[in-house]
Amino acid sequence: MSELIQQTAVVGPLQCNCTLLACGKTREAVLIDPGEEAPKILAMLQEQGVKVKYLLHTHAHFDHIAATGAVQAQAGGTVCLHRADNDLFRNLPLQGRLFGMQFGETPEVQKFLEHEEELEFGEQKLRVIHTPGHSPGSICFEVQGSDGRVFSGDTLFRQSVGRADLWGGDGRQLISSIRERLLTLDGDVPVFPGHGPKTTIGFEKTSNPFLL
Ligand SMILES: [Zn+2]
Ligand SMILES: [Zn+2]
């Protein structure tokens with residue numbers, strides 16, 4: 001198995017973790033949550049010398065999607081999202097107005113992702129885990145092989161969970177998604193949230209106040 005390249009750019013006023021994952025052998029890559037600051041993200045892609053295959057989104061809140069159009073225009077990549085967040089995705093300008101920010105239109109979603117779907121890039125592979133609650137179409141991405149690391153978007157944070165009071169959010173569903181689809185993974189699996197520092201499944205099981 002080739003080496004997995006991982007680099008994160010922290011972008012926008014809400015400090016979203018935009019993460020690049022690439023196959024060390026073929027340099028084929030996926031980009032998770034191009035939330036803002038397209039120039040910073042494009043510089044990261046160039047620095048790593050990668051070709052973007054998929055533009056992935058853990059969900060469609062503005063802080064995770066606002067640079068998708070600008071990044072795609074320069075770097076290409078197939079725009080991917082869970083279908084249940086498509087309305088949110090298309091309403092980026094409206095989301096901006098409600099938060100006092102100005103955003104243009106998003107590109108069309110080209111590939112709707114399903115629970116358990118696998119995405120290949122070079123010799124690497126991700127599995128999609130649908131974890132509704134923070135938004136209806138919130139998903140996590142699990143690296144297949146190596147340490148099985150997970151990118152949890154705004155579903156699970158270090159010692160916290162995502163808010164459930166935004167469009168289509170559901171607190172009860174959020175907690176069952178985490179319990180049934182994330183906490184069932186191995187304890188030593190590293191977790192990289194959409195904001196803030198990394199953690200592990202085991203640490204959250206024992207010390208996340210929202211899950212005790
Ligand atoms: Zn969010
Ligand atoms: Zn967010």
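Begin by selecting His 57 and Thr 68: their side chains make a polar contact at 2.8 Å. Bear in mind throughout that this is a predicted model.

In the chain, His 57 is placed in the loop between strand S4 (51-56) and H2. Is His 57 buried or exposed? Its relative accessibility is 0%, so His 57 counts as buried.

Next, display the surroundings of His 57. Leaving aside residues up to four places away in sequence, His 57 touches several residues, among them Asp 33, Val 79, Phe 89, Phe 141 and His 64.

Which protein residues supply its donors? Select Asp 63 (OD), His 64 (NE2), Asp 154 (OD) and His 195 (NE2), which lie 2.1 to 2.2 Å from the zinc ion (ligand 2). Along the sequence, these donor residues follow the spacing D-H-x89-D-x40-H. The arrangement around the zinc ion (ligand 2) is irregular because the 4 donor atoms subtend angles of 88 to 156 degrees.

Finally, select His 64 and His 195 together. This pair links distant parts of the chain, 131 residues apart: His 64 belongs to helix H2 (residues 62-65), whereas His 195 sits in the loop between strand S13 (190-193) and strand S14 (199-200). Both His 64 and His 195 are buried.

How values were computed: Residues are numbered from 1 along each chain as its sequence is written. Chains are lettered from A and ligands numbered from 1 in the order in which they are written. This is a predicted model: local features need pLDDT of at least 70, side-chain atom pairs count only at pLDDT 80 or more; totals for chains, interfaces and linings use all residues. Side-chain values use heavy atoms; hydrogens and water are left out. Donors are N, O and S atoms within 2.8 Å of the metal (3.2 Å for Na, K and Ca); water is not among the atoms, so sites may look incomplete. Four donors count as tetrahedral if all angles lie between 85 and 135 degrees; four count as square planar and six as octahedral if opposite donors are over 155 degrees apart and all others between 65 and 115; anything else is irregular. Helices (H or I, at least four residues) and strands (E, at least two) are DSSP runs, numbered from the N terminus. Buried means under 20% relative accessible area, exposed over 50%, partly exposed in between (1.4 Å probe, protein chains only). A polar contact is a pair of N or O atoms within 3.5 Å; within protein, one must be able to donate a hydrogen and the other to accept it, and residues adjacent in sequence count only if both atoms are side-chain atoms. Contact means heavy atoms within 4.5 Å.
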